[in-house]
Amino acid sequence: MTDQDIPDAFLDGYARILAEASATGRRLTRDELESRRAVGERAAEAGHGLRALVSEHLDATRKHWPATGVSPDSVLAAVAQAVDAFAEGYERAQRHAVRQEEAARREFIDDLLYGRSDLGLLAERAGRFGLRLSFAHAVAVAQGTVAYDEGDAVPQEVERALIGRFGDRSILLTTKDGRLVCIAPGDQDEVLTFFAKQAYAATDGGQVAIGRPQPGPGGVVQSYEEALNALDLAERLGFDAPVLRAADLLVYPVLTRDRQAMADLVHTVLGPMRDARGGAQSLLDTLTAYFDAGCVAAEAARRLLLRVRALTYRLERIHHLTGADPSDPVHRYTLQTAVIGARLLDWPAKDVST
């Protein structure tokens, strides 16, 4: 906006204050200062640039320079006070606008990720923040060892990297419940992959989960919940991969959809291991390591810091107690499913028999 575009209203009273204050060398009164702050606020709200406004004040100073006999120091002191008060009001209005924008953005993000707003209105509001919810979107969630807020160094570092790489691609980066959240168009997987890499590095080895692309205004919350569920599964099952994709973990929600059926399976198949000396936990750990090692006894023994003979003895003990042979392909599927259920239900620490 050019100087000529600035209305004279933003200079109203300036010449009078300049003349009266510089005539005696007095400081501007409280009312005079507040009037300049108020004009500065209105100028900011009208969208005028501060540099152009200051330039207009300097032009007005030259035009209305007091008559001969007035000390230049008095004039410049009055100019400094008036312009400083004007700039203070201008900055106050800008801070207020920023706070309002931040509040609106946070409210939108909360509504978007909780799915608690009218979807039509949500889609309308999304355009203001660079999202077009009529298209599919996918969400990646990163968590580290500490919680993050939007103004923290880690989110800002990741955001700079994303903008530097992809520019404006309808990407929204924010934080929620201490985690980093990245929302991107569903057909731009490279954005979320890059986010995962940057977030992993910035959080000193945190874990990132990526939900599947989901269509429509409600798709963001669906993908977000998938990412959260993937992180929860990783914690309960001990997955330590830096990046988890919900699409690769779909079997687990299926297994846990009927919790009572899973509890019955765990109780029926693994329950007899409670009768082992020392309880069921060491035998459950043995089965977990055995299945995670692809049923290779030597690798499972290495992971458990056991001799292969000791591991074999444990597997035989499991067979004796449960009636299911871990080395038998027919029994193996039942045992492995029960082990997954035990880890998801925190058995044997928690009783699942009721």
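**View A. R106 is partly exposed, with a relative accessible area of 27%.** Exposure classes are set by relative accessible area, computed with a 1.4 Å probe on protein chains only: buried is under 20%, exposed is over 50%, and partly exposed lies in between. The model is predicted, so local features need pLDDT of at least 70 and side-chain atom pairs count only at pLDDT 80 or more, while totals for chains, interfaces and linings use all residues. Residues are numbered from 1 along each chain as its sequence is written, and side-chain values use heavy atoms, with hydrogens and water left out. E150, at 30%, is also partly exposed. E150 and R106 form a salt bridge with the closest N and O atoms 2.7 Å apart; a salt bridge here is a side-chain nitrogen of Lys or Arg within 4 Å of a carboxyl oxygen of Asp or Glu. This pair links distant parts of the chain, 44 residues apart: R106 belongs to helix α4, and E150 to the loop between β1 (137-143) and α6 (153-166). Helices (H or I, at least four residues) and strands (E, at least two) are DSSP runs, numbered from the N terminus.

**View B. R302 and E299 pair within helix α12 (residues 297-304).** The closest N and O atoms of this salt bridge are 2.6 Å apart. An α-helix has 3.6 residues a turn, so residues three or four places apart point the same way. R302 is exposed, at 54% relative accessibility, whereas E299 is partly exposed, at 23%. Elsewhere, salt bridges that share partners join E34, R37, E41, E88 and R92 into one network.

**View C. R92 forms a salt bridge with E41.** The closest N and O atoms of R92 and E41 are 2.5 Å apart. Because R92 lies in helix α4 and E41 in helix α2, the pair ties together parts that are 51 residues apart in sequence. Both residues are partly exposed: R92 has a relative accessibility of 30% and E41 one of 21%. A search of the whole structure finds 16 salt bridges.

**View D. Helix α1 (residues 14-24) has the buried residues Y14, I17, L18, A21 and S22.** Seen down the axis of α1, these residues fall within an arc of 105°, so they line one face of the helix. The arc is that of the directions from the helix axis to the C-beta atoms. The buried residues of α1 pack against α2 (30-45), α3 (50-63) and α4 (72-114), where contact means heavy atoms within 4.5 Å. On the face turned away from the buried side, α1 carries the exposed residues A23 and T24. G25 follows the helix and has a positive phi, near 80°.

**View E. R343 lies in helix α14 (residues 329-345).** Leaving aside residues up to four places away in sequence, R343 touches R236, L237, G238, T288 and D292. Its C-alpha is 9.5 Å from that of L233, although R343 and L233 are 110 residues apart in sequence.

**View F. Confidence is lowest in helix α5 (residues 119-126) and highest in strand β4 (residues 207-210).** The mean pLDDT is 76 in helix α5 and 96 in strand β4; pLDDT is the predictor's confidence in each residue, from 0 to 100. The protein averages 88, and 97% of the residues score at least 70.
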